Amino acid sequence: KKIQFKIFSRFKIFLNKMNEIFLILKKPRVLIALFVFSISTWILEGFVFYQAAYDLNLQSPMTLGFLSYDLFIDSSLPSSPAGVGVFEASVLFAVITLSEDLSVGLSFAIIVHFVQFFSIILMSLVVIIFGKLLFK
């Protein structure tokens, strides 16, 4: 019974924390900031895809569309931490399907994945620094 009580009390603490998070989201300033942050992240993501594909001469809209769709679907698969390996395999699958050069596809995957990691770290620092001001 002690174990059940501990699990129940931890679950209750978790629910209280979730309630606090949802109460924070009722503030319009926080919602606007999260919306702007989300939009800017997706714009950056699109720019990374476009720029990497442009620099590697994958300029076809079909190639870009298929690669982005394939990567977002395949990244939802359970995998190793941070999707290392699955991401690159997804790009290679798309590149093979579109009859592109494998070395160009792997270069695209490595560049995009590196920039994604770097941008997540950068955005996390921004949230840590400015989040304290936002959530006061």
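Me: How do you know how confident the predictor is in the chain?
Reply: By pLDDT, the predictor's confidence in each residue, from 0 to 100. The chain averages 76, and 74% of the residues score at least 70. Among the elements, α2 has the highest mean pLDDT (81) and helix α3 (residues 61-74) the lowest (66). Where pLDDT is low, the predicted coordinates should not be read in detail.

Me: What makes up the secondary structure of the chain?
Reply: Five helices and zero strands. Helices (H or I, at least four residues) and strands (E, at least two) are DSSP runs, numbered from the N terminus. From that end the elements run α-α-α-α-α.

Me: Why is Val126 called partly exposed?
Reply: Buried means under 20% relative accessible area, exposed over 50%, and partly exposed in between (1.4 Å probe, protein chains only). Val126 has 35%, so it is partly exposed. Its place is in helix α5 (residues 102-134).

Me: What makes Val126 part of a surface patch?
Reply: Like charges are joined within 9 Å, and nonpolar side chains (Val, Leu, Ile, Met, Phe, Trp, Tyr) within 5 Å. Val126 belongs to a nonpolar patch that also includes Phe114, Phe118 and Ile121. Together the patch members have about 930 Å² of accessible area (Shrake-Rupley method with a 1.4 Å probe; for residues, only the protein chains shown count as cover).

Me: Why is Phe37 called partly exposed, and what is it in contact with?
Reply: Phe37 has a relative accessible area of 29%, so it is partly exposed. Phe37 lies in helix α2. Leaving aside neighbours within four places in sequence, Phe37 is in contact (heavy atoms within 4.5 Å) with Met123 and Val127. Phe37 and Val127 are 90 residues apart in sequence and 9.3 Å apart in space, C-alpha to C-alpha.

Me: Why does Thr41 count as partly exposed?
Reply: Its relative accessibility is 29%, so Thr41 gets that label. Thr41 is also in helix α2, and its C-alpha is 8.6 Å from that of Ser119, 78 residues apart in sequence.

Me: What makes a set of residues a nonpolar core, and which members touch the most others in the largest one?
Reply: A nonpolar core is a set of buried Ala, Val, Leu, Ile, Met, Phe, Trp, Tyr and Cys residues joined through side-chain atoms within 4.5 Å. The largest has 13 residues, of which Leu58, Leu67, Phe87, Val91, Phe108 and Val112 touch the most other members. The elements giving two or more residues to this core are α2 (28-55), α4 (86-97) and α5. Leaving aside neighbours within four places in sequence, Val112 is in contact with Val48, Phe49, Ala52 and Phe87.

Notes:
Residues are numbered from 1 along each chain as its sequence is written. This is a predicted model: local features need pLDDT of at least 70, side-chain atom pairs count only at pLDDT 80 or more; totals for chains, interfaces and linings use all residues. Side-chain values use heavy atoms; hydrogens and water are left out. Patches are made of residues with over 30% relative accessible area and no salt bridge: like charges are joined within 9 Å, nonpolar side chains (Val, Leu, Ile, Met, Phe, Trp, Tyr) within 5 Å. A salt bridge is a side-chain nitrogen of Lys or Arg within 4 Å of a carboxyl oxygen of Asp or Glu.
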